[in-house]
Amino acid sequence: TLFRSKSHTRSMRPWSADSSLCSKLALASGFKPSVLEGDWYISAGLNKAFDTFDCQLHKFEAPSPRKLVGNMQWRIKDPLAGTNFVTRYTVQEFVQDPNLPGVLYNHDNEFLHYQDDWYILAAEPEQYVLVYYRGSNDAWDGYGGAVLYTRATRVPDAIRARVAERCKAAGLDFSQFRETN
């Protein structure tokens with residue numbers, strides 16, 4: 001498993017990242033949450049249930065050296081109309097692991113009691129941030145995926161080879177990612 005926990009209940013806090021997973025994923029060393037400050041788009045994602053919605057604009061702030069706050073926006077097709085889109089928003093707060101700079105925790109959320117752990121696989125300032133994540137909530141224990149954040153809405157050709165190389169080092173196949181609109 002990717003996480004160690006005694007049970008899946010609201011009171012099980014905190015979870016901890018599995019150290020064997022962290023070494024397998026070859027985390028970005030020395031990651032600073034401030035690298036993600038500003039506007040970023042999920043331009044490609046691995047899990048079509050969570051990662052590949054159109055127009056995913058995420059605005060991040062780093063109010064302290066180990067904290068990241070994301071104002072997330074994404075569009076989904078209207079379940080009733082089918083062709084129209086509905087825009088959704090949420091705010092997520094992450095805290096950096098004090099010993100593993102490439103791990104960010106988003107825990108203690110009221111909605112579905114969800115908690116996500118982000119594993120930063122690569123980050124090039126102003127270019128891209130590659131995130132593998134695992135999470136759990138009241139409805140689904142153990143979901144996960146990966147996303148590529150870029151400043152542009154589309155994956156720039158100039159970074160494709162580097163991103164594919166980082167994915168491969170983590171045991172992921174970048175050709176399996178779906179690009180968003």
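**Note on the predicted model: strands, cores, rings and salt bridges**

1. Strand 3 (residues 38–45) and strand 10 run antiparallel, joined by four bridges. Strands pair here if DSSP finds at least two bridges between them. Helices (H or I, at least four residues) and strands (E, at least two) are DSSP runs, numbered from the N terminus. Opposite alanine 44 stands leucine 148 of strand 10.

2. This is a predicted model, in which local features need pLDDT of at least 70 and side-chain atom pairs count only at pLDDT 80 or more, while totals for chains, interfaces and linings use all residues. Residues are numbered from 1 along each chain as its sequence is written, and side-chain values use heavy atoms, with hydrogens and water left out.

3. Strand 3 also pairs with strand 11 (residues 178–179), antiparallel, over two bridges. Here the bridge partner of alanine 44 is glutamate 179.

4. The largest nonpolar core has 21 residues; Leu121, Leu130, Leu148, Val163 and Phe174 touch the most other members. Strand 7 (103–106), strand 8 (115–124), strand 9 (128–136), strand 10 (141–150) and helix 2 (160–169) each supply at least two residues of this core. A nonpolar core is a set of buried Ala, Val, Leu, Ile, Met, Phe, Trp, Tyr and Cys residues joined through side-chain atoms within 4.5 Å. Buried means under 20% relative accessible area, exposed over 50%, and partly exposed in between (1.4 Å probe, protein chains only).

5. Which residues does valine 163 touch, not counting those up to four places away in sequence? They are Tyr128, Leu130, Leu148 and Phe174. Contact means heavy atoms within 4.5 Å. Another core lies apart from the largest one; it has 20 residues, including Ala28, Phe31, Ile42 and Met72.

6. The structure holds six aromatic pairs. Rings of Phe, Tyr and Trp (its six-membered ring) pair if their centres lie within 6.5 Å; planes under 30 degrees apart count as stacked, over 60 as edge-to-face and the rest as tilted. Phenylalanine 60 and tryptophan 118 are edge-to-face, because their ring centres are 6.2 Å apart and their planes at 75°. Phenylalanine 60 lies in strand 4 (residues 54–64) and tryptophan 118 in strand 8, so this pair ties together parts 58 residues apart in sequence. Phenylalanine 60 is buried at 3% relative accessible area, and tryptophan 118 at 6%.

7. Phenylalanine 94 and tryptophan 118 have ring centres 4.2 Å apart and planes at 40°, so this pair is tilted. Phenylalanine 94 is in strand 6 (residues 85–96). Both residues are buried. Ring pairs link Phe60, Phe94, Trp118 and Tyr149 into a cluster.

8. Histidine 107 sits in the loop between strand 7 and strand 8. Is histidine 107 buried or exposed? At 16% relative accessibility, histidine 107 counts as buried. Its side chain makes a polar contact with that of aspartate 117 (2.6 Å). A polar contact is a pair of N or O atoms within 3.5 Å; within protein, one must be able to donate a hydrogen and the other to accept it, and residues adjacent in sequence count only if both atoms are side-chain atoms.

9. There are five salt bridges in the whole structure. A salt bridge is a side-chain nitrogen of Lys or Arg within 4 Å of a carboxyl oxygen of Asp or Glu. One joins arginine 162 and glutamate 124 (2.8 Å, N to O). Arginine 162 is in helix 2 and glutamate 124 in strand 8.

10. Arginine 160 forms a salt bridge with glutamate 179, with the closest N and O atoms 2.7 Å apart. Asp157, Arg160 and Glu179 are linked in a network of salt bridges.
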